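Welcome, and thanks for taking a look at this model. Please have the sequence and the 3D view side by side as you read.

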Amino acid sequence: ILAAFHRHDWPLRAVTVSIGAAVAVPGESPEALLQRADAALYRSKQEGRDRLTFASLPGGPAGQPLQA
């Protein structure tokens with residue numbers, strides 16, 4: 001997703017994208033899934049933007065940002 005976004009020619013100004021992603025686990029509520037994805041999004045923004053961060057699994061270590 002991030003690489004596809006970077007391939008686009010943005011004619012008016014530089015554009016960045018921050019993405020938070022989470023994978024649902026069995027028994028997890030939709031609210032909990034969205035909360036983890038939202039936390040990953042804010043981590044992407046806090047760590048410099050223009051990145052994709054995967055949420056950690058419930059009870060696991062924090063996810064790592066990926067950059068294209």
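How many helices and strands does the chain have? The chain holds 2 helices and 3 strands, where helices (H or I, at least four residues) and strands (E, at least two) are DSSP runs numbered from the N terminus.

## The model and its layout

This is a predicted model, in which local features need pLDDT of at least 70, side-chain atom pairs count only at pLDDT 80 or more, and totals for chains, interfaces and linings use all residues. Residues are numbered from 1 along each chain as its sequence is written, and side-chain values use heavy atoms, with hydrogens and water left out.

Along the sequence, the pattern reads α-β-α-β-β. Of the 68 residues in the chain, 22% are buried; buried means under 20% relative accessible area, exposed means over 50%, and partly exposed is in between (1.4 Å probe, protein chains only). Among contacts (heavy atoms within 4.5 Å) with a separation of 6 or more, residues 24 or more positions apart account for 39%.

Let us turn to helix α2. It has 17 residues and spans 24 Å from its first C-alpha to its last, close to the 24 Å expected at 1.5 Å a residue; the expected span is 1.5 Å times one less than the number of residues. The buried residues of α2 are Arg36, Ala37, Ala40 and Ser44. They cover an arc of only 95° around the axis, so they are on the same side of α2; the arc is that of the directions from the helix axis to the C-beta atoms. As a reminder, an α-helix has 3.6 residues a turn, so residues three or four places apart point the same way.

The buried residues of α2 pack against β1 (18–21) and β2. On the other side of the helix, Glu31, Leu34, Gln35 and Gln46 are exposed. For Leu34, the relative accessible area is 59%, and its C-alpha atom is separated by 9.7 Å from that of Gly20, 14 residues apart along the chain.

## Arg36, a buried charged side chain

Is Arg36 buried or exposed? Arg36, in helix α2 (residues 30–46), counts as buried because its relative accessibility is 13%. Its side chain reaches the backbone oxygen of Val23 at 2.6 Å, a polar contact (a pair of N or O atoms within 3.5 Å; within protein, one must be able to donate a hydrogen and the other to accept it, and residues adjacent in sequence count only if both atoms are side-chain atoms). Leaving aside residues up to four places away in sequence, Arg36 touches Ala22, Val23, Ala24, Glu28, Ala55, Ser56, Leu57 and Pro58.

## After the helix

α2 is followed by Gly48, which has a positive phi near 120°. In the loop between α2 and β2 (51–54) comes Arg49, with a positive phi of about 60° although it is not a glycine. Asp50 lies in the loop between α2 and β2 too, and its phi is positive, near 55°. For context, most residues other than glycine have a negative phi. Arg49 is partly exposed at 45% relative accessible area, and Asp50 is partly exposed at 24%.

## Rings

A search of the whole structure finds 1 aromatic pair. The rings of Phe5 and Trp10 have centres 5.0 Å apart and planes at 40°, so the pair is tilted; rings of Phe, Tyr and Trp (its six-membered ring) pair if their centres lie within 6.5 Å, with planes under 30 degrees apart counted as stacked, over 60 as edge-to-face and the rest as tilted. Trp10 is partly exposed, with a relative accessible area of 35%.
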